[in-house]
Amino acid sequence: MAAAIANVCVHRAEAASIKIAGQSMSCGSTPVFSDSTLPMEGRFVPGRGIYVNQQLMQRQPSAVRMFVFKHECAHKTVGGNELAADCGAAQSGAREKWLTPAGVDAVCKALAGEPAGGGYPSGATRCANIRKCYANSSAQFAYQKSTVQKSAGSGRLQSAN
């Protein structure tokens, strides 16, 4: 039993943040664990934290790695809804400007061919949802930016003549 506990401790390390694609990322006060025994890139465990398999993550492009982390972080607020977590990650990426259309393509490529099952929608369904959420968020942030720029004029009123 002690050997099993020691083995778990060797494979898991807790931190407040994690470096992904050269950026320090955190999920509020949620602990982040590096776990090389995890059979997937990332997982959120309610009441415990986010678990990330850095070895599997390194096999993915930067945008996919960041998306995975933000997806797991989104589970903190949306619960087990995979499509809502995907949407949260896409919105976060658009808002924080680390997700681009090429990054969305990379995420969709990583999901390609994934069948529905085990509480997960198919990769195709998830990809369509991610594209929609990203497009809506990007359009919203572009609109907000142009509105702010237009209202930041000289402050002078135009003559009515």
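Trainee: Which residue takes a positive phi just after H4?

Mentor: Just after H4, Lys97 has a positive phi of about 65°; helices here are DSSP runs of H or I with at least four residues, numbered from the N terminus. The model is predicted, local features need pLDDT of at least 70, side-chain atom pairs count only at pLDDT 80 or more, and totals for chains, interfaces and linings use all residues. Residues are numbered from 1 along each chain as its sequence is written, and side-chain values use heavy atoms, with hydrogens and water left out.

Trainee: How do you know that the span of helix H4 agrees with its 15 residues?

Mentor: The expected span is 1.5 Å times one less than the number of residues, so H4 (residues 82-96) should span 21 Å, and its end C-alpha atoms are 21 Å apart, which agrees.

Trainee: Why is H3 called roughly perpendicular to H5?

Mentor: Helix H3 (residues 62-78) and helix H5 (residues 101-111) pack at about 75°, with axes 8 Å apart. Since 65 to 115 degrees counts as roughly perpendicular, H3 is therefore roughly perpendicular to H5.

Trainee: What makes Ser122 buried?

Mentor: Buried means under 20% relative accessible area, with a 1.4 Å probe and protein chains only; Ser122 has 18%, so Ser122 is buried. Ser122 lies in the loop between H5 and helix H6 (123-151).

Trainee: What makes the approach of the Ser122 side chain to the side chain of Thr125 a polar contact?

Mentor: A polar contact is a pair of N or O atoms within 3.5 Å, where within protein one must be able to donate a hydrogen and the other to accept it, and the two side chains make such a contact at 3.0 Å.

Definitions and conventions:
Axes fitted to C-alpha atoms, helices over the stretch in contact; angles between N-to-C directions. Helix = DSSP H or I, 4+ residues; strand = E, 2+ residues; numbered from the N terminus. Parallel < 35°, antiparallel > 145°, perpendicular 65-115°, else oblique. Buried < 20%, exposed > 50% of the residue type's maximum accessible area, 1.4 Å probe, protein only.
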